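Trainee: Hi, could you walk me through this model? I'd like to start with the helix packing.
Mentor: Happy to, here it is.
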Amino acid sequence: MRSLRTEELILNMGPQHPSTHGVLRLVVTLDGENIVEVQPDIGYLHSSVEKMMEHRNYTQNIALADRGMDYLAALVNEMAVLRAAETLADVPVPERARYIRTIFMELQRLASHLLWLGTYGIDLGAFTAFLWCMRERELIMDLFESVTGGRLHHVYFRLGGVNEDLPPGWTDRCREFCHYFLNRLDEYHKLLTGNPIWKARTQGVGVLTREQAIAFGACGPVARASGLAWDVRKSHPYEAYDRVEFQVPVYTEGDCYARYLVRMDEMRESTRIILQCLDQLPEGEVRAPRVPLNLKVPAGEVYTRVESPRGDLGIHLVSTGGEFPWRVKIRAPSFVNLHALTEMMRGWKVADIIAILGSIDIVLADVDR
Amino acid sequence: MPSLLQRTAEAVQGLVTGLGITFQNLTRPKVTLLYPLEKSNVSPRWHGLLALPVDTETGNDKCIICFQCERICPSRCIHIEATGKGKERVLTRFDIEMDKCQYCGLCVEVCPTEAIVFTPHYEASTYNRANLLYTLEDLHRAAPKEPVARGILR
Amino acid sequence: MSSGGPEVTRMVRVPTDGSRVAPAEHLVEVLHRLPGGQILVTSIENVLNWARARSLWPLTFGLACCAMEMMQAMGTRFDLDRFGVIPRATPRQADLIIVAGRCTIKMAPVVRRLWEQMPEPKYVISMGSCATCGGPFYYDNYSILKGIDTVIPVDVYVPGCPPRPEALIEGVLKLQEKIQKERRLTRRLQEAAQAGA
């Protein structure tokens with residue numbers, strides 16, 4: 001029999017798709033059901049954040065940072081922008097403010113990983129995970145709302161500390177939430193980790209080897225699941241991270257299941273960090289006095305980095321001594337992790353696109369800024 | 001390659017464990033808030049709609065027309081105009097474009113007399129975008145411009 | 001417009017290429033001309049509006065941060081499913097589009113095409129400051145649309161950055177009130193009457 005002539009099909013997973021987590025367009029070249037190549041088309045959410053930051057002073061940039069870039073890691077973005085300005089201007093930050101900032105960044109990491117787990121579950125068909133993760137996220141948002149006044153966008157950190165002190169009784173509520181959450185985390189493990197369908201869809205799928213991870217510059221849980229032990233909180237500690245004990249989970253398989261396990265372990269470690277910070281929280285003021293809202297940062301340039309839930313978020317700040325920054329370049333972790341997508345997807349089937357894309361946890365506002 | 005029996009046992013175990021956790025939730029209290037009938041208590045610091053509440057003693061708002069809120073707003077949505085000089089300044093226009101506002105709270109932080117504050121209101125949906133421009137009377141009233149919708153509920 | 005016989009006001013233009021008028025429209029026309037027909041047509045409209053308001057199926061169209069609050073609104077605490085709102089992934093099966101988040105100029109033709117692919121009757125809720133007017137991204141910005149109503153007509157605007165899930169639910173309730181008051185069939189009859197006169 002003559003062999004069948006097959007052609008490659010170019011499939012467009014358009015900007016509107018329930019599982020692309022935002023407006024990402026993937027142009028997939030298929031040979032039957034096998035993926036030959038995946039070309040991401042980005043830019044559908046480009047908000048010209050770096051240009052806008054040049055026309056706003058550093059305090060106004062806090063409001064822009066927590067919605068223009070990665071909106072799921074709002075407080076971490078605020079920290080990134082402030083860390084660059086505070087390093088260059090040598091602004092003192094009181095100890096209590098450092099601990100409060102650490103607690104809030106870890107709570108933000110919990111909220112971000114919960115949303116990732118919920119949407120990853122719903123992509124792979126586990127609808128229960130979505131509903132439960134939303135329920136836990138509501139509790140974290142309640143904790144945020146009683147301190148910062150916002151559920152998703154906070155504008156809470158300031159140059160030299162945080163805006164307001166914690167209300168009375170908040171530390172007890174936070175502790176109660178942490179203990180409740182550790183029980184819930186065990187439930188998520190029971191629901192998903194041992195489930196044969198979950199394992200069949202994620203184990204061995206979308207492998208990124210250690211050499212490939214280094215070559216692409218991957219960071220965050222994607223790199224840590226491939227054996228690359230890189231965490232900014234350990235290598236360049238900031239705020240109170242050098243005073244608390246926590247471990248950084250590293251797995252070597254590099255598949256979707258390893259990335260899932262890394263994030264689940266990170267949630268447990270974040271809860272431990274929050275409990276330790278609550279125990280060590282010193283008394284004192286939460287905002288350095290006499291730091292003006294329209295601070296003039298002295299001329300110079302600095303590159304600082306923080307660990308966002310997606311990876312290594314770097315800010316290159318160039319200042320010419322004025323009230324507005326001259327240039328802010330944001331090194332976004334999702335943008336770099338997205339580059340590894342074609343390598344990870346080659347050779348798998350169409351249904352695995354969703355599993356692999358979900359496991360690298362990109363946020364389109366972080367990719368496009 | 002595990003045998004058929006092993007794979008079946010693993011699948012059944014996964015199913016039973018998962019369903020057990022799911023059915024446990026039947027016995028737990030429900031967390032759904034029946035929205036228009038029950039409203040959640042927003043925290044005292046919630047960033048709701050902005051307002052210039054009227055001071056009961058003086059019968060006017062506490063604004064001293066220093067323009068600090070207009071200068072700090074990152075969205076440039078506050079527009080203030082005043083006539084007169086010095087202490088005799090009179091406010092002629094104080095508009096806040098609620099559709100541009102980011103509810104960031106910088107204007108509330110910077111106001112020296114706490115004239116501009118957040119209210120707990122958040123239900124301000126409207127059919128017409130022009131209704132989202134809040135003038136001085138709307139800010140004095142400290143409430144959304146349109147009645148809160150109750151939908152098809154009686 | 002009609003061919004021969006007494007002048008009759010038709011609800012739709014009689015097609016001159018020999019194709020048929022849709023039976024449902026023919027039926028409404030017939031009912032309208034009965035004694036007490038207007039009340040009957042209004043009752044039919046109330047039933048149709050009752051059904052449309054209680055089963056709005058939105059297109060899952062989250063662009064940016066407001067999509068997170070939309071997901072919370074569909075989540076456990078603020079269950080939008082109580083109002084009959086079930087998200088659908090394809091525009092062909094949706095009758096509501098909740099534009100949640102900032103729309104860039106690159107994305108605008110996509111939004112327009114999605115809106116055009118939705119079947120009538122369709123409604124649009126603009127959620128958040130960015131979809132209403134560009135919001136925080138209005139000034140010093142070269143890539144964000146200054147409001148989604150530059151490309152598609154909007155029925156309800158929900159302000160906030162991002163609006164609380166309860167505020168989004170209130171926006172859906174406002175849309176339900178608007179749908180309840182619609183008079184699509186009566187309007188078409190009136191337009192036909194004016195065109196025929």
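Mentor: This is a predicted model, so local features need pLDDT of at least 70, side-chain atom pairs count only at pLDDT 80 or more, and totals for chains, interfaces and linings use all residues. Residues are numbered from 1 along each chain as its sequence is written, chains are lettered from A and ligands numbered from 1 in the order in which they are written, and side-chain values use heavy atoms, with hydrogens and water left out.
Mentor: Let's begin with helix α1 (residues 23-33) and helix α2 (residues 37-53) of chain C, whose axes come within 6 Å and cross at roughly 140°. Axes here are lines fitted to C-alpha atoms, for helices over the stretch in contact, with angles from 0 to 180 degrees between N-to-C directions. Helices (H or I, at least four residues) and strands (E, at least two) are DSSP runs, numbered from the N terminus.

Trainee: How are α1(C) and α2(C) oriented to each other?
Mentor: They are oblique. Under 35 degrees counts as roughly parallel, over 145 as roughly antiparallel, 65 to 115 as roughly perpendicular, and the rest as oblique.

Trainee: Which residues of α1(C) and α2(C) meet?
Mentor: From α1(C) there are V28(C), L31(C) and H32(C), and they meet G37(C), Q38(C), L40(C), V41(C) and I44(C) of α2(C). Contact means heavy atoms within 4.5 Å. By class, this contact of α1(C) with α2(C) has five nonpolar, three polar and no charged residues. For the classes, Ala, Val, Leu, Ile, Met, Phe, Trp, Tyr, Cys and Pro are nonpolar, Asp, Glu, Lys and Arg are charged, and the others, Gly among them, are polar.

Trainee: And what about α4(A) with α14(A), how do they lie?
Mentor: The axes of helix α4 (residues 95-124) and helix α14 (residues 351-359) of chain A come within 10 Å and cross at roughly 175°. That makes α4(A) roughly antiparallel to α14(A). W116(A), Y120(A), D123(A) and L124(A) in α4(A) meet I354(A), A355(A), G358(A) and S359(A) in α14(A). The residues of this contact of α4(A) with α14(A) divide into five nonpolar, two polar and one charged.

Trainee: Which peptide bonds in chain C are cis?
Mentor: One is the bond from E120(C) to P121(C), with omega near -10°, and P121(C) lies in the loop between α4 (108-117) and β3 (123-127) of chain C. Another is the bond from C161(C) to P162(C), with omega near -15°. P162(C) sits in the loop between β4 (156-158) and α6 (165-180) of chain C.

Trainee: Where is D90(A)?
Mentor: D90(A) is in the loop between α3 (74-89) and α4 of chain A. Its phi is near 55°, a positive value in a residue other than glycine. At 68% relative accessibility, D90(A) is exposed.

Trainee: New topic: how many disulfides are there over all chains?
Mentor: The count comes to zero, taking a disulfide as a pair of cysteine sulfur atoms within 2.5 Å.

Trainee: Last one: how much area do chain B and chain A bury between them?
Mentor: About 2,300 Å², 52% of it on carbon and sulfur atoms. Buried area is the accessible area (1.4 Å probe) that two parts lose on being put together, summed over both. I21(B), R45(B) and E109(B) supply 27% of the area that chain B buries against chain A, more than any other three residues. The contact takes 26 residues from chain B and 32 residues from chain A.

Conventions:
Buried < 20%, exposed > 50% of the residue type's maximum accessible area, 1.4 Å probe, protein only.
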